[in-house]
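I opened my notebook to record what I could look up in one structure.

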Amino acid sequence: MIKGKVTRISGPIVYAEGLDGCGLYDVVDVGKNKLIGEIIRQKEGKATIQVYEETSGMHIGEEVVSSERPLSLKLGPGLVGTIYDGIQRPLKEMFEKSGAFLVPGDRTSPIDSEKKWDFTPLLKEGDEIKAGAVLGTVPETGSILHKIMVPPYIKGKRLSKIVKSGSYTVDETIAVTDLNEEIQMSQYWPLRKPRPFAQKMEVSQPLVTGLRVVDVFFPLSKGGTAAIPGGFGTGKTMTQHAIAKWCDADLIVYIGCGERGNEMTDVLTEFPKLIDPRTGRSLMERTILIANTSNMPVAAREVSLYSGITLAEYYRDMGMHVAIMADSTSRWAEALRELSGRMEEMPAEEGFPAYLPTRLAEFYERAGRVIALEGEEGSVSVIGAVSPPGGDFSEPVTQHTKRFIRCFWALNRELANARHYPAIGWIDSYSEYAGEIKEWWDNLDPRWAEVRKRSLDLLKREERLQQIVRLIGADALPDADRLVLNVCEMIKNGFLQQDAFDPVDQYSVPAKQIQILLLIMSYYDKSLEVLKAGCPLVKLVELPVRSEIIRAKSTVENEHLEKLDLIRNHLEDQIGELERTYRKDRI
């Protein structure tokens, strides 16, 4: 055990001497209250320590004790459904122990050490093992079957002992290797170190969210990275909540990083009440929450992203598809800036440290679709919210984030003010995953790529036409251009806008999404033909089928897509009647 003493205190940054034998990123207990800290710099016998708790009242000369191990998370059954702070302290248990305010230095086991779990072995004594091999399973929740895996640091090649089916705590030994290494149902892993895998694979499947603007226009793949930038009140958190509820990931890790307390309160009160649409059970049975609000220690905010991604990688190694919601990386970057200032480092643009891009890359690069050590496919998809001051997308966090993500959902202030949700702007947003997931969409509907491109081109054309309209008015445009404006309104109101409180519209299956967009583009194509025949635009706008198409998102249930065929028949009949009338008049 290595001991030192405090020589200087600067908020969450503490300087100590006498820790020469400690390693970088080793965990230390600081002061009489034994606050959790981490050595982040070693220089000539003096250590710089990042303390994850409030340092008020600490004195020069107090003792610092090193644990001689890096900051690690305890991984095992009992993680799902739990609410942690940034350093994996379970907040519910901490509240029951010490009340509403955390006591400095107070700690509780991250996983209930007394609860017994039903373990079913899959291997027997004498079987060969390797890192990642599945020893057995535990039903963690009604939605999650937890695989007990051989930790990556185990060197043994064969089992000399394994327990029988029964109930055990996470700290009991369930297996022993031929090198006499004991394996428990729980294991520790350094949160700053990515967990190993066998092979990284190309992405090929979309993360289906049920949001039409995402799935059809700007898709995210399983194992992909996305950013949701937007100013205050544009709907970043709401969009992440919708994706967390409806996406087809096996597990959700939600990180509230530096957000306001009332926002995290909404998450903590609403999530347990939400029903998982896939299983009919509570959404918390496949969710892990990390709450690190803006009034909690800033150092813990900095480490909370690494805690979340480590938890996600652990379940990825079981062959699960995990989605991470990080809200928001801007608050995380602000924590980096404050800590960097305390350490008197040279600031870069807007005061952020020069290593901000490196840290962002380290986080986003841990996403991906992989073959785990035990041979199954799993993925980690990262969706990070960005909160640029004043909605300025040219600020450093947004610009550096764009370097490391391939899907950009830019929230638009005008859309949010117009109550158009999700307020994802179709001009500034993009996705580079469209090519990788094209085969998946082709199996569902081979027209997806074409109709997607045509619709986006039409919306960009409408943007240019709106500039002319603002100068000379819409009446000065020819009917063909006015039809573009009209159809784009249909796309916005009947396709892009989605009501999160409508029981039908809150989630759209991919087949419904593409069929609605095909209906709108069919209306556009047929209307162009009728315009050429001499039909005035007002007649097309007054067709009853137009409002039927716009309302289809709310009137056609996911289980009754045949109703869309009826609307398609109405479209052909009503447009056909107009075409026959005006072609006859021309003859």
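My entries go from the whole chain down to single residues.

**Entry 1: the whole chain**

I noted before anything else that this is a predicted model. I looked up the length and found 587 residues, of which 56% count as buried. I then checked the secondary structure. The chain has 16 helices and 25 strands. Along its principal axes it spans about 100 × 55 × 40 Å.

I took the contacts with a separation of 6 or more, and residues 24 or more positions apart account for 70% of them. I also looked up the surface. The chain exposes about 24700 Å². Carbon and sulfur atoms supply 50% of that area.

**Entry 2: charges**

How many positive and negative charges does the chain have? I found 74 positive and 85 negative ones. Their mean positions are 1 Å apart.

I reminded myself of a general point: side chains of opposite charge can pair when their charged atoms come close. I then looked up the salt bridges, and the structure holds 38 of them. I picked some to follow up.

**Entry 3: K5 and E17**

I started with K5 and E17. Their side chains meet in a salt bridge, at 4.0 Å from N to O. K5 sits in strand β1, residues 3-10, and E17 in strand β2, residues 13-17. The two are 12 residues apart. I checked the exposure of both. K5 has 41% relative accessibility, so I wrote it down as partly exposed. E17, at 31%, is partly exposed too.

**Entry 4: R41 and E345**

I moved on to R41, which forms a salt bridge with E345. The closest N and O atoms are 3.1 Å apart. Where do R41 and E345 lie? R41 is in strand β4, residues 35-43. E345 is in the loop between α6 (329-342) and α7 (356-364). The pair therefore ties together parts that are 304 residues apart in sequence. R41 is partly exposed, with a relative accessible area of 28%. For E345 I found 22%, again partly exposed.

**Entry 5: E432 and R406**

I looked up one more pair. E432 forms a salt bridge with R406, and their closest N and O atoms are 3.3 Å apart. This pair links distant parts of the chain, 26 residues apart. E432 is in the loop between β25 (430-431) and α10 (438-444). R406 is in the loop between α8 (396-404) and β24 (407-408). I found E432 partly exposed at 42%. R406 is partly exposed at 27%.

**Entry 6: surface patches**

I searched the surface for patches. E93, E96, D112 and E114 gather in one of negative charge. I followed up E93, which is in helix α1, residues 91-98. Its relative accessibility is 35%, so E93 counts as partly exposed.

I found a nonpolar patch as well. I468, L471 and I472 make it, and its area is about 330 Å². I looked up L471 and found it in helix α11, residues 448-472. Is L471 buried or exposed? At 74% relative accessibility, L471 counts as exposed.

**Entry 7: two buried residues**

I turned to D106, in the loop between α1 and β9 (117-121). Its relative accessible area is 12%, so I noted D106 as buried. Which residues does D106 touch, leaving aside neighbours within four places in sequence? I listed E53, R89, M94, K97 and S98.

I found S221 in the loop between α2 (212-217) and β18 (225-229). Its relative accessible area is 0%, and the cut-off for buried is under 20%, so S221 is buried.

Note on methods. Residues are numbered from 1 along each chain as its sequence is written. This is a predicted model: local features need pLDDT of at least 70, side-chain atom pairs count only at pLDDT 80 or more; totals for chains, interfaces and linings use all residues. Side-chain values use heavy atoms; hydrogens and water are left out. Helices (H or I, at least four residues) and strands (E, at least two) are DSSP runs, numbered from the N terminus. Buried means under 20% relative accessible area, exposed over 50%, partly exposed in between (1.4 Å probe, protein chains only). Patches are made of residues with over 30% relative accessible area and no salt bridge: like charges are joined within 9 Å, nonpolar side chains (Val, Leu, Ile, Met, Phe, Trp, Tyr) within 5 Å. Accessible areas come from the Shrake-Rupley method with a 1.4 Å probe; for residues, only the protein chains shown count as cover. Lys and Arg count as positive and Asp and Glu as negative; His and the chain ends are not counted. The place of a charge is taken as NZ of Lys, CZ of Arg, CG of Asp or CD of Glu. Contact means heavy atoms within 4.5 Å.
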